[in-house]
Amino acid sequence: MKVLIGGYTKNNSKGIYELPFENNDQPHLDEAKNIIEIGGPTYFQKDGNLVFVINKAGDQGGISTFKLNNGNYEEGDTYLTPGSSPAYLGINPAKKLLYTANYHTAVLSVFSYDDEGKLTLLDTVTHQNNSLGPRKEQADGAHPHYFDETPEGNLVSCDLGNDTVDFYRLSQDNKLEHLATYKNEAGFGDRHLVFSRDGNYFYVVGELSSQVNVVKFNENDWTFEDIATYSTIPSDWNKHNGAAAVKISADGKFIYVSNRGNDSIAVFAVQADHTLKLVQRISVFGSFPRDFNWDESETYVVVANQNTDNATLYSRNEEDGSLTPIQKNISVPEGTRVLFVK
């Protein structure tokens, strides 16, 4: 097992790093090695021997494909457009589809790819600024930060600028059709979301509000019910914080959210009625944890701390959801994306 970590390349980072994961009597991550050299791989996905990577190349941004060949990743296809690179990259390996959300240009894109990683742009939509949000991040327009699939195979985006969750369908002729919108309160700053196991609820994280909103919804008639909202930070926290990544355990019992500023991971238990109960808020032992992830068994969790060039390894208790740090100060530069791979 290995862990891949990529992120910004503004300082010392050269791209994506590979850290061998030793799962023995003393589980630990070994030294990071640069395996893909590329600008700004702040998010990436993997399908077999293919890695799809966000690429910032000068005054252009987009995605690139790398294929593992004889132990080395070789660059294949690249799709770039003028301006900033996307913030998020989703994938469906079965359909061979990729989904990107561009925070700065407000463009959502769908790509298909083949077995060699050749990219084909299928369609795009551009969000318009409908924000009433009070935050300065919302004054300059729409900012979609997430674009991926729903439980029923539709598509969903989170827009920080508009405080919305927007749902789409990819038609048979590969055109994006808007289906519905869920509107959060002004200033919520929708960033990422996860769905319940039964597909009847989603949990959306507000970056600007440092909250998780629990929403019951019906993917057939597109009705929404606001259930409850919970803070990811302590009530007495008065410094800056931006909630970031969110994960839900495979059994649907626990939700995890990273806090950039409070520099913690908040752990919530999902109750029978889908309301949340705070289990733990634990330090990331670094600064600005944009992303974290777990191994296939969800026994181990790795968080990447962007501003302190380090990662932290935890063990996870599957009974109560709590995290226990087992390795700190793992050196890796500017990390914003974590992925366990075989």
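Val3 stands opposite Phe340 in strand β29, where strands are DSSP runs (E, at least two residues) numbered from the N terminus, as helices are (H or I, at least four residues). The model is predicted: local features need pLDDT of at least 70 and side-chain atom pairs count only at pLDDT 80 or more, while totals for chains, interfaces and linings use all residues. Residues are numbered from 1 along each chain as its sequence is written, and side-chain values use heavy atoms, with hydrogens and water left out.

**Strands β1 and β29**
- Strand β1 (residues 2-7) pairs with β29 in the antiparallel sense over 6 bridges; two strands pair if DSSP finds at least two bridges between them.
- In β29 (residues 335-341), 7 of 7 residues are buried, where buried means under 20% relative accessible area, exposed over 50% and partly exposed in between (1.4 Å probe, protein chains only).

**Strand β22 and its faces**
- Strand β22 (residues 254-260) is mostly covered, with 7 of its 7 residues buried.
- In a regular strand, side chains alternate between the two faces of the sheet.
- From β22, Phe254, Tyr256, Ser258 and Arg260 point one way, whereas Ile255, Val257 and Asn259 point the other way, and all are buried.

**Neighbours of β22**
- Strand β21 (residues 242-248) runs antiparallel to β22 and is joined to it by 5 bridges, with Ile248 opposite Ile255.
- The hairpin of β21 and β22 has 5 residues between the strands, and in it Gly252 takes a positive phi near 75 degrees.
- Strand β23 (residues 264-270) is also antiparallel to β22, through 6 bridges, and Ala269 in β23 is the bridge partner of Phe254.
- In the hairpin of β22 and β23, with 3 residues between the strands, Gly261 adopts a positive phi near 135 degrees.
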